[in-house]
Amino acid sequence: MVARVDNLVTSGTFSLDGGTWDVDNNVWLVGDDSEVIVIDPAHDARAVADAVAGRTVTAVLLTHGHDDHIRAVGEFRDLVGAPVYLNPADRMLWDAVYPDGSPDREIADGDTFEVAGTVLTAVHTPGHSPGSTCFYAPDLGTVFTGDTLFQGGPGATGRSYSDYGTIVASIRERLLVLPEETVVRTGHGESTTIGTEKPSLPKWEAKL
């Protein structure tokens with residue numbers, strides 16, 4: 001029996017470089033009826049805790065450190081008592097929100113996280129932010145891409161700590177090599193597949 005994937009959409013704001021925008025975020029829960037991993041518990045800690053529904057949270061995985069993805073994680077950690085993981089290359093983004101606190105553990109490329117018989121593997125995909133990390137679950141046929149790859153193209157790279165050439169290289173070398181049927185579960189908006197996005201790579205590279 002493999003884990004199932006549940007989705008919760010929460011709403012709030014994203015702030016960086018002096019601007020603030022309204023955003024809807026995807027929160028992903030991977031597990032079964034007894035244990036779960038939560039990816040990016042954004043905006044509304046209590047709503048995410050309600051979605052956990054009493055299950056044991058074995059890990060809170062952050063795809064990156066932008067404030068819309070992490071601002072609620074401190075409260076959520078207190079509610080569920082689970083360790084928070086973040087790639088240390090995004091520590092400066094974390095410190096902007098939590099100057100007096102730290103993530104519990106670091107994420108490195110290739111790290112694995114097991115829940116309900118399913119393994120998620122960390123895939124470092126810098127570009128949207130230096131520490132952006134995706135989580136690939138081959139037995140579920142899915143990859144959780146945060147803000148690295150969306151339906152229709154790469155995540156935004158117009159703000160501090162981001163780079164368009166780097167994100168395109170990450171997508172080309174780390175994500176588009178996955179099976180084409182792999183479902184891409186994004187940080188915002190609708191899901192897509194690797195096969196759907198792959199033909200657009202030349203268009204993205206032409207902008208380099």
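The open sheet has 6 strands in the order β1-β2-β3-β4-β5-β6, with mixed pairing. Its edge strands, β1 (4–16) and β6 (105–106), each pair on one side only. Strands are DSSP runs of E, at least two residues, and helices runs of H or I, at least four, numbered from the N terminus. Two strands pair if DSSP finds at least two bridges between them. The model is predicted: local features need pLDDT of at least 70, side-chain atom pairs count only at pLDDT 80 or more, and totals for chains, interfaces and linings use all residues. Residues are numbered from 1 along each chain as its sequence is written, and side-chain values use heavy atoms, leaving out hydrogens and water.

**Exercise 1.** Find how strands β4 and β5 run and how many bridges join them.

*Solution.* Take β4 (residues 56–61) and β5 (residues 84–86): they run parallel, joined by 2 bridges. Then locate valine 60; opposite stands valine 84 in β5.

**Exercise 2.** Check the span of helix α5 (residues 164–175).

*Solution.* The expected span is 1.5 Å times one less than the number of residues. For 12 residues, α5 should span 16 Å; the end C-alpha atoms are 16 Å apart, so the two agree.

**Exercise 3.** Decide whether threonine 125 is buried or exposed, and list contacts.

*Solution.* Buried means under 20% relative accessible area, exposed over 50%, partly exposed in between (1.4 Å probe, protein chains only). Threonine 125 has 0%, so it is buried. Contact means heavy atoms within 4.5 Å. Beyond neighbours within four places in sequence, threonine 125 contacts residues including Ser170, Arg174 and Leu175.
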